[in-house]
Amino acid sequence: MSTFAKRERLLLADLLEAEGPEAPTLCEGWTTRDLAAHVVVRERRPDAAAGILIKQLAPRLDKAMEEFAAKPYEELIQLIRTGPPRFSPFQLKQIDEASNTIEFYVHTEDVRRAQPDWTPRELDPVFQDALWSRLERSARLMGRGAPTGLVLRRPDGQTAVAHKGTPVVTVTGEPSELLLFSYGRQSAAKVELDGDEDAIAKLHETKQLGI
């Protein structure tokens, strides 16, 4: 049975292929080629991918990104489709689902929503619930840099506190949209914000959400 991570992986690969290597993305300064290189480095060069979180390893990450970005674009797409190397922990279904479902969903939307003619993608309730479950667990990590208190709320009233503080801004939307907002894609997320106007403005402008 296909997992969410596998499904999103293939959707991302197909989209990157269709848009070509020079299309814009929501990742500042990155084209689709850069984003594809990032995905491959994350799975195939864990020594370099650690630079995403560890500042001292950032030069190694930058070098690996340059090396993979220089490869033929079609090769990058194929590496994404085929997945991680044989002995990678990402080969384990549980780790793949936990680590890649959100990764591939967010990056798919990074490509889709950077295009001028994008339209909302309909997601089934089971997938929305799966995204919400992951968002609940990671909300405080993603929101730790928020300049205000931050509460995420589904249309059915379920909430997750992403950051404690005052004034509080409540962001309401489907889990898929709350996820994008929490990962720093505030301008692209289809959500409603309630709270102090100045706090809302600060939250929209901050670049401290996400990893």
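Helices, as named on this tour, are DSSP runs of at least four residues, and strands are runs of at least two, numbered from the N terminus. The model on display is predicted.

Stop 1: Select residues 12-86. An unreviewed UniProt entry places the feature "domain: Mycothiol-dependent maleylpyruvate isomerase metal-binding" here.

**Stop 2: a nonpolar patch.** Select Ile 52, Leu 53, Ile 54, Leu 141 and Ile 211, which make a nonpolar surface patch of about 500 Å². Then centre on Ile 54, in the loop between α3 (46-49) and α4 (58-69). Ile 54 has a relative accessible area of 39% and is partly exposed, because that category covers values between 20% and 50%.

**Stop 3: the hairpin.** Select β1 (residues 149-153) and β2 (residues 159-163), antiparallel strands joined by four bridges. Leu 150 stands opposite His 163 of β2. Five residues separate the two strands of this hairpin, and Gly 157, in the turn, has a positive phi of about 100°.

**Stop 4: helix α6.** Select residues 93-112 and find Thr 108 within this helix. Thr 108 is buried, at 3% relative accessible area. Where does its side chain reach? The side chain of Thr 108 reaches the backbone oxygen of Phe 104, at 2.8 Å.

Remaining in α6, select Arg 112 and Glu 109, which lie three residues apart, about one turn of the helix. Their side chains meet in a salt bridge (2.8 Å, N to O), and both residues are buried. Salt bridges with shared partners join Arg 7, Glu 8, Glu 109, Arg 112, Arg 113, Arg 121, Asp 124 and Glu 177 into one network.

**Stop 5: links to helix α1.** Arg 121 lies in the loop between α6 and α7 (125-142) and Glu 8 in α1 (residues 4-19), so the pair ties together parts 113 residues apart in sequence. Arg 121 is partly exposed at 23% relative accessibility, whereas Glu 8 is buried at 0%.

Finally, select Asp 96 and Arg 9, a salt bridge whose closest N and O atoms are 3.9 Å apart. Asp 96 belongs to α6 and Arg 9 to α1, so this pair ties together parts 87 residues apart in sequence. Asp 96 is buried, at 5% relative accessibility, and Arg 9 is buried, at 6%.

Notes. Residues are numbered from 1 along each chain as its sequence is written. This is a predicted model: local features need pLDDT of at least 70, side-chain atom pairs count only at pLDDT 80 or more; totals for chains, interfaces and linings use all residues. Side-chain values use heavy atoms; hydrogens and water are left out. UniProt positions are given in the numbering used here, feature names are shortened, and annotations may be inferred rather than shown by experiment. Patches are made of residues with over 30% relative accessible area and no salt bridge: like charges are joined within 9 Å, nonpolar side chains (Val, Leu, Ile, Met, Phe, Trp, Tyr) within 5 Å. Accessible areas come from the Shrake-Rupley method with a 1.4 Å probe; for residues, only the protein chains shown count as cover. A salt bridge is a side-chain nitrogen of Lys or Arg within 4 Å of a carboxyl oxygen of Asp or Glu. Buried means under 20% relative accessible area, exposed over 50%, partly exposed in between (1.4 Å probe, protein chains only). Two strands pair if DSSP finds at least two bridges between them. A polar contact is a pair of N or O atoms within 3.5 Å; within protein, one must be able to donate a hydrogen and the other to accept it, and residues adjacent in sequence count only if both atoms are side-chain atoms.
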